Amino acid sequence: MSVLRAVVTGASSGIGEATVRALRAAGWDVVGVARREERLRALAEQTGASVFVADLTVQADVDALRDHLAETGPVHALVNNAGGAKGLDSVEASAIDDWAWMFEVNVLALKRVTSAVLPLLRRGAVDRGVADIVNVTSIAGHTAYAGGGGYNAAKFAAHALTEVLRLELNGEPLRVIEVAPGMVRTDEFALVRFGGDRARADAVYDDVPEPLVAEDIAAVIVDAMLKPRHVDLDLIVVKPVAQAAPHRLAKGELTVREGGA
């Protein structure tokens, strides 16, 4: 069997970048995919990963990615990580353009890439005995919260897509794994959500004891992919200890209560 090769979208920052690094450390060949060429090139130099510049909201770019992958080797895993949030306004007040962007990057791009790469994954499964589709969603796709309207709707859709895909692929040696992170402190997620307002983005994490970092999620993804081929971790919800739900977050030091509850 050839060296295992994975495709990771949203690879220029955050969880995607950390996943590229973790897979390379585990001995995989990796193709990192994102829009920002300069950041991808730096990642390639640092890790030895291959990279491909693409806007996954553009079908022609996804088609070009598919053709590039077919020409350059087998594909044994796809990590659909690209996504993002915009705004915390109410359903009534939020901008429809923000909703459209969130559906494009969290749902339609996920569908485009999955459809394009699935034939390659089937061939990779013959080679490896199994192939993996890992969809990185969010706890926002499982629990609604005030201000989450568009992001909740998009991530609920991504979760539903993942569930349907698993049903459709039943009987094939293809694992469909959903990783749903809670609060993860990365350089860009909150910054994008708040339109570049650094102070507002940083305030999300103020006084939160040990939010997750991108490397925590990357480790979970790689662990799921390295399980024996008959083991499918369908849904993995990963939250910091301080987070009970999207809307319930402890602040300050975690301490044991006197006398229990």
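This is a predicted model: local features need pLDDT of at least 70, side-chain atom pairs count only at pLDDT 80 or more; totals for chains, interfaces and linings use all residues.
Biologist: Which residues line the second largest pocket, and how are they divided by class?

Modeller: The lining consists of V241, A242, A244, R248, L249, A250, K251, E253, L254, T255 and R257. Six of the lining residues are nonpolar, one is polar and four are charged.

Biologist: Which residues have the most contacts inside the largest nonpolar core?

Modeller: That core has 32 residues, and L23, W28, V179, I217, I221 and M225 have the most contacts inside it. Helix 8, spanning residues 214–225, gives the most to this core, with seven residues. A second, separate core has 25 residues, among them V33, L56, L118 and V176.

Biologist: What is V179 in contact with, beyond its neighbours within four places in sequence?

Modeller: Its contacts include V134, V136, I217, V220, I221, I236 and V238, and also N135, T137 and S138.

Biologist: Is N106 buried or exposed, and where does its side chain reach?

Modeller: N106 lies in helix 4, residues 96–128. N106 counts as buried because its relative accessible area is 2%, under the 20% cut-off. Its side chain reaches the backbone oxygen of G84 at 2.8 Å and makes a polar contact with the side chain of K155 at 3.0 Å. Leaving out residues up to four places away in sequence, N106 touches G83, G84, Y151, A154, K155 and A158.

Note on methods. Residues are numbered from 1 along each chain as its sequence is written. Side-chain values use heavy atoms; hydrogens and water are left out. On a 1 Å grid over the protein atoms alone, a cavity is a set of points where a 1.4 Å probe fits but cannot get out, and a pocket is an open set with protein on both sides within 12 Å along at least five of seven lines; lining residues have an atom within 4 Å of a point. Ala, Val, Leu, Ile, Met, Phe, Trp, Tyr, Cys and Pro count as nonpolar, Asp, Glu, Lys and Arg as charged, and the others, Gly among them, as polar. A nonpolar core is a set of buried Ala, Val, Leu, Ile, Met, Phe, Trp, Tyr and Cys residues joined through side-chain atoms within 4.5 Å. Buried means under 20% relative accessible area, exposed over 50%, partly exposed in between (1.4 Å probe, protein chains only). Helices (H or I, at least four residues) and strands (E, at least two) are DSSP runs, numbered from the N terminus. Contact means heavy atoms within 4.5 Å. A polar contact is a pair of N or O atoms within 3.5 Å; within protein, one must be able to donate a hydrogen and the other to accept it, and residues adjacent in sequence count only if both atoms are side-chain atoms.
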